[in-house]
Amino acid sequence: MPFSIAVQTNDFNVGDEYAQLVENDKDAGAVVFFVGRVREMNQSRLVSGLSLEYYPGMTERVLDQILDVARQRWDLISVRIVHRVGQLYLSDQIVFVGVTSQHREHAFQAAEFLMDFLKTQAPFWKKEITAQGEMWVDENQKDKDARERW
Amino acid sequence: MIQVVFLAQLREQLGSNGIQVDSNSAKSIGELKQYLISHHPEWAEFLENKKLLIALNHEYARGDLPLKSGDEVAFFPPVTGG
């Protein structure tokens, strides 16, 4: 599966994802991957967990579309995107984006592009669990600015 | 029928996962919105939120697209994944 996406409740194993990205490949001189995790402080709120919702059907479609755009813009050998949904707790892994290419510029840039577009286009919504109760996360201007540079 | 879906915070604000609307009552996304608000005036403040995103059959809908029976229209807040 050189290009694949997954939306799942289960955790992912970075080592396994890496092994699959480079399996049977002798050209990928560069591998870049990003892992997003549940962090304790968000916009000065103390977070103990997240509930992640998505829109089955559309979320996978948007991820596939973002992946296609990245393949058109950069020379990529393999890409893997995994995004978890459901109930997550502090330090849990949320998202994995892994990219391989012959050269590092392509791998670095494509990985950043994929994350910037995933954050601003893919239908996922986070609800934080805090001591003050549960609250939906607001969209972030920094994420929108990050997307605009592409 | 048109399947209307509400997601995330909007679903909680409206107290509804979604509803079905007769395709004769809404020939476009704009008409659908007006139909929803006329039948549920308490939804107006949420459905008129300018930040709300709309998808038609799992694709982002930009502009007032025409609707037909069998379509699925989703309304949802800005996305916050990753």
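Tutor: Start with contact: two residues are in contact if their C-beta atoms, placed from the backbone, lie within 7 Å. Note also that this is a predicted model.

Student: Which strands does helix H1 (residues 14-22) of chain A lie across?

Tutor: Helix H1 of chain A lies across S2, S5 and S7 of chain A. Its angle to S7(A) is about 25°. Angles run from 0 to 180 degrees between N-to-C directions.

Student: What makes S5 and S7 of chain A paired strands?

Tutor: Pairing needs at least two bridges. Strand S5 (residues 78-84) and strand S7 (residues 93-101) of chain A are joined by six bridges, so they pair. They run antiparallel. Within this pairing, A:Val79 stands opposite A:Val99 in S7(A).

Student: What is the order of the open sheet of four strands in chain A?

Tutor: The order is S1-S5-S7-S2, and the pairing is mixed. From one strand to the next, the twist averages 5°.

Student: Why do strand S1 (3-8) and strand S2 (30-37) of chain A stand at the edges?

Tutor: Strands S1 and S2 of chain A each have a single partner strand, so one side of each has no neighbour in the sheet.

Student: How do you know that the radius of gyration of chain A agrees with a compact globule?

Tutor: Set the value against the rule. For 150 residues, a compact globule would have a radius near 15 Å; chain A has 16 Å, which agrees. The C-alpha atoms of chain A fill a box of roughly 50 × 30 × 30 Å along the principal axes.

Student: What share of chain A is buried?

Tutor: Buried residues are 35% of the 150 in chain A. The cut-off is 20 or more other C-beta atoms within 10 Å.

Student: Which residues have the most contacts inside the largest nonpolar core?

Tutor: They are A:Ala70, A:Ala110, A:Leu114 and B:Leu32, in a core of 55 residues. Helix H3 (residues 104-121) of chain A gives the most to this core, with eight residues.

Student: What does B:Leu32 contact, leaving aside neighbours within four places in sequence?

Tutor: Its contacts are B:Ile2, B:Val4, B:Val21, B:Ala26, B:Leu67 and B:Val73.

Student: How many residues does each chain bring to the contact between chain A and chain B?

Tutor: Chain B brings 13 residues and chain A brings 21. Helix H1 (8-14) and strand S5 (72-76) of chain B each supply at least two residues of chain B's side. That side has eight nonpolar, five polar and no charged residues.

Notes: Residues are numbered from 1 along each chain as its sequence is written. Chains are lettered from A and ligands numbered from 1 in the order in which they are written. This is a predicted model: local features need pLDDT of at least 70, side-chain atom pairs count only at pLDDT 80 or more; totals for chains, interfaces and linings use all residues. Ala, Val, Leu, Ile, Met, Phe, Trp, Tyr, Cys and Pro count as nonpolar, Asp, Glu, Lys and Arg as charged, and the others, Gly among them, as polar. A nonpolar core is a set of buried Ala, Val, Leu, Ile, Met, Phe, Trp, Tyr and Cys residues joined through C-beta atoms within 7 Å. A residue is buried if 20 or more other C-beta atoms lie within 10 Å of its own, exposed if 12 or fewer, and partly exposed in between; C-beta atoms are placed from the backbone. The radius of gyration is taken over C-alpha atoms; the globule rule is 2.2 Å times the number of residues to the power 0.38.
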